[in-house]
Amino acid sequence: MAYNPTPPPPPTSNNKSRLPRGKSPRGKSPRVKKPFVEAVEPTPSPALGDIKFQKIIYSQNSFRKKVDVSISELKPKDEEIDIPKFFANYHKLFFDLPQKGINSHSTLIRESMDFVNDYVDFKDEQIEDLNQQVEALNQQILDLQTAAIEGEDEDIAEEIEDQAIKIQADAEIGNVNDPFIYWSKNDNRLLYTMGLKKTAKYAEDNKKLPDGSDPFEENKQKQLRKDTGQAYEKGGSSNIRQNQEIRTYSEWIADTKKRSSGGETRDIKRMLDYIKEVTVANYNSITS
């Protein structure tokens with residue numbers, strides 16, 4: 001650092017009398033001894049002309065307005081994401097996203113569909129449309145039934161009746177090759193109303209079948225009612241079909257064979273064959 005030359009202090013006059021230390025002439029202030037400053041050659045400045053330094057002082061409010069005094073390095077900055085950048089990141093992470101869950105493809109699909117459809121579930125619209133179709137079909141059926149009852153459309157009435165009869169016949173026969181044979185009589189049945197019990201009683205009392213045929217062996221009909229009754233009460237192995245009202249033809253054959261022997265078994269089989277033939281013939285006539 002350079003210092004400006006300071007002239008040395010003037011020499012003290014010898015004419016003046018010395019005063020005691022700490023004393024000064026009357027009416028004069030005591031002389032203060034100045035520090036000695038060494039004379040140093042000034043360093044030439046490379047700048048030309050006078051250099052003026054200005055110092056601007058701001059108030060606290062003005063300083064805060066001009067300078068950001070917050071600690072911005074410690075809080076994260078909000079990164080701006082535009083649409084192209086969003087899709088770029090989406091395609092980059094496409095296969096890393098789970099199919100289901102909170103942050104998944106399913107969530108994106110559901111939220112996007114809600115937005116596109118104005119938050120109306122398309123499944124609700126489909127359900128409503130189907131409900132309207134069902135209601136319209138029900139009204140058509142009701143109109144057709146009303147027309148059939150009132151005789152306005154005889155063809156429709158006959159078609160409905162034929163369909164109902166066929167459904168009932170299918171339910172009664174089961175398997176055409178091994179049809180159901182019923183134990184009790186029921187006049188509401190279509191295929192064979194008498195039932196096995198009444199048929200056995202008729203054959204035993206009249207020694208012939210309801211159609212007038214006599215396929216039985218001589219003096220063997222007396223066991224028909226007893227053996228068929230035991231087959232009904234103790235049907236199957238370990239009574240698995242005990243008191244079972246409806247059985248197939250083959251099941252009745254097995255159950256009666258177990259409760260009878262010899263001629264009685266053959267007579268019961270002939271009676272069951274007759275019921276089977278009548279049942280199948282009636283079914284074919286209805287459904288043909």
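This is a predicted model: local features need pLDDT of at least 70, side-chain atom pairs count only at pLDDT 80 or more; totals for chains, interfaces and linings use all residues.
User: Which residues touch the most other members of the largest nonpolar core?

Analyst: A nonpolar core is a set of buried Ala, Val, Leu, Ile, Met, Phe, Trp, Tyr and Cys residues joined through side-chain atoms within 4.5 Å, where buried means under 20% relative accessible area, exposed over 50% and partly exposed in between, with a 1.4 Å probe and protein chains only. The largest one has 17 residues, and those touching the most other members are Ile-181, Leu-196, Leu-224, Trp-252, Met-271 and Leu-272.

User: Which helix gives the most to it?

Analyst: Helices are DSSP runs (H or I, at least four residues; strands are E, at least two) numbered from the N terminus. H6 (195-206), H7 (224-233), H8 (249-259) and H9 (263-287) each supply at least two residues of this core, and H9 gives the most, with five residues.

User: And what does Leu-196 touch?

Analyst: Counting contact as heavy atoms within 4.5 Å, and leaving out residues up to four places away in sequence, Leu-196 touches Ile-181, Tyr-182, Trp-183, Trp-252, Met-271, Leu-272 and Ile-275.

User: Switching to charges, how many salt bridges are there in the whole structure?

Analyst: A search finds eight, a salt bridge being a side-chain nitrogen of Lys or Arg within 4 Å of a carboxyl oxygen of Asp or Glu. One of them joins Asp-170 and Lys-166, with the closest N and O atoms 3.0 Å apart.

User: Why are Asp-170 and Lys-166 separated by about one helical turn?

Analyst: Because they are four residues apart in helix H5 (residues 154-173). Asp-170 counts as partly exposed at 29% relative accessibility, and Lys-166 is also partly exposed, at 34%.

User: Are Asp-255 and Arg-247 buried or exposed?

Analyst: Both Asp-255 and Arg-247 are buried, and their side chains meet in a salt bridge at 2.9 Å, N to O. Arg-241, Arg-247, Glu-251 and Asp-255 are linked in a network of salt bridges.

Note on methods: Residues are numbered from 1 along each chain as its sequence is written. Side-chain values use heavy atoms; hydrogens and water are left out.
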